[in-house]
Each structure stands twice: as C-alpha cells, then as structure tokens.
Amino acid sequence: MNTLRIGIIGAGGVGTTLGQGWARAGHQVSYGVRDPGAARPPGGAAVSVAEAAQGDVVVLATPFGAAREALAAAGDLSGKVLIDATNPIGPGFSLALGHSTSGAEELARLQPGARVVKAFNTTGLENMAEPRYPGGRAAMLIAGDDAAARVLVLGLARDLGFEALSVGGLVRARQLEPFAMLWIKL
C-alpha cells in the first residue's frame with residue numbers, strides 16, 4: 001500500500017495504538033486534538049482537528065459522545081474516507097443505538113459527503129497493538145457503502161497485521177457495534 005497521510009481525531013488509547021501501528025507501517029500520522037500544544041501523542045504530531053481532517057484518511061477515535069463535536073471541528077469531509085472506530089455506548093455500558101440504525105450510520109448523516117467505513121471497533125487495544133498470534137491473526141471486520149473506501153481500509157487493517165474481512169455495507173455496523181459490546185462485556 002502507498003504511504004498515506006492519516007489524520008486521527010482523538011489521541012486516547014485507540015487513536016494512539018492505531019497511529020503507532022500505521023507509523024511503523026510507513027504512513028504519516030497526525031492526531032487532531034482540542035489543544036495541540038498540550039498533547040504529546042506517540043508516533044505522530046498533535047495538530048488541530050481541522051488540520052488532521054486534511055489527511056488522505058480520517059479516523060474518528062473519540063468517545064461516541066464527543067463524535068458530533070469532533071466532526072463539526074473537522075469541517076466538511078466530502079470525498080474523504082472516514083473510519084468510524086467509535087461505539088455508541090450509553091449509561092451502564094449499554095448500547096445506545098441499534099436495530100434500526102447504528103452509530104456509524106448516524107455519523108454518516110452528520111458528514112453526508114464522507115465515505116464512512118466502520119472498523120477498529122470490535123476488539124481491544126491489545127489486539128490492535130499486536131493482532132498476530134501463533135494460531136493466526138485476529139480478525140478485523142469492516143463495513144462501508146463505498147467499495148473503494150472499504151478496500152483502502154482493508155489494506156490499513158492488514159498493515160496492522162489483522163486478517164481483514166469486508167462484511168458489506170454500512171448497515172452492517174448494526175451488527176458490529178453490538179459485537180463490540182460483547183467484547184467489552186467479556
């Protein structure tokens with residue numbers, strides 16, 4: 001895969017774990033944060049959310065409750081691949097959305113021109129950091145309506161070492177997000 005400029009919105013555990021892996025794979029990583037002067041994320045530079053959104057790929061790695069504000073700060077993402085790594089977790093670690101919509105579909109409504117792909121939400125940090133095991137690689141399930149965007153994200157998952165699998169359109173996020181809750185509860 002060619003070197004990509006990856007802008008990660010959020011510099012918490014998920015964002016920095018993914019960013020470090022992609023930096024090791026040769027991609028340029030920046031982290032969009034509220035206060036770039038106060039952040040020191042590993043494996044990339046701290047920039048404003050709007051600057052991170054200028055990357056070839058934008059990854060939303062904030063808590064779901066902060067996603068609306070983060071996407072507003074990113075500006076118009078029309079034409080961009082937007083990877084949604086969030087999970088709509090509500091009070092008491094319950095799933096806040098499901099059945100008739102998903103967090104990913106709701107985020108796609110907030111950025112109607114973005115090429116939204118649901119990925120990197122169904123496993124823990126330890127698998128994101130090292131998905132290779134003696135018996136094989138951990139699976140990363142990916143859903144999105146834009147076929148070319150899905151292929152790009154499949155490649156990014158493979159860059160991290162995952163067995164990357166496309167499960168179809170963004171509507172499949174309705175199953176991926178509850179699957180993440182299973183992982184979290186276990």
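**Chat: helix α3, the cores and a few residues**

Colleague: What am I looking at, and how are residues numbered?

Modeller: This is a predicted model: local features need pLDDT of at least 70, side-chain atom pairs count only at pLDDT 80 or more, and totals for chains, interfaces and linings use all residues. Residues are numbered from 1 along each chain as its sequence is written, and side-chain values use heavy atoms, with hydrogens and water left out.

Colleague: Back to α3. Which residues are buried?

Modeller: Ala67, Ala70, Leu71 and Ala74 are the buried residues of α3, which runs over residues 67–74. They span an arc of only 95° around the axis, so they lie on the same side of α3. The arc is that of the directions from the helix axis to the C-beta atoms.

Colleague: Why would residues spaced like that point the same way?

Modeller: An α-helix has 3.6 residues a turn, so residues three or four places apart point the same way.

Colleague: What covers the buried residues of α3?

Modeller: The cover includes β1 (5–9), α2 (49–52), β4 (57–60), β5 (81–84) and α4 (103–110). Contact here means heavy atoms within 4.5 Å. Just after α3, Gly75 takes a positive phi of about 85°.

Colleague: New topic. How do α1 and α6 cross?

Modeller: Their axes come within 9 Å and cross at roughly 85°. Helix α1 covers residues 13–24 and α6 covers 147–160. The two are therefore roughly perpendicular, a label for angles of 65 to 115 degrees; under 35 is roughly parallel, over 145 roughly antiparallel and the rest oblique. Axes are lines fitted to C-alpha atoms, for helices over the stretch in contact, and angles run from 0 to 180 degrees between N-to-C directions.

Colleague: Which residues make that contact?

Modeller: Leu18, Gly21 and Trp22 from α1 meet Leu156, Asp159 and Leu160 from α6.

Colleague: Which residues touch the most others in the largest nonpolar core?

Modeller: Trp22, Val59, Ile83, Phe120 and Ile142, out of 30 residues in that core. A nonpolar core is a set of buried Ala, Val, Leu, Ile, Met, Phe, Trp, Tyr and Cys residues joined through side-chain atoms within 4.5 Å. The largest share, 6 residues, comes from α6. A second, separate core of 17 residues includes Ile9, Ala74, Leu107 and Ala114.

Colleague: What does Ile83 contact?

Modeller: Setting aside neighbours within four places in sequence, its contacts include Val59, Phe120, Val153 and Leu156.

Colleague: Where is Phe120 found?

Modeller: Phe120 is in the loop between β8 (115–118) and α5 (125–129). Phe120 is buried, at 1% relative accessibility. Its phi is positive, about 60°, although Phe120 is not a glycine. Most residues other than glycine have a negative phi.

Colleague: Last one: where is Ser166?

Modeller: Ser166 is in strand β12, residues 163–168. Ser166 is partly exposed, at 38%. Leaving out neighbours within four places in sequence, Ser166 contacts Ile142, Arg150 and Leu154.

Conventions: Helices (H or I, at least four residues) and strands (E, at least two) are DSSP runs, numbered from the N terminus. Buried means under 20% relative accessible area, exposed over 50%, partly exposed in between (1.4 Å probe, protein chains only).
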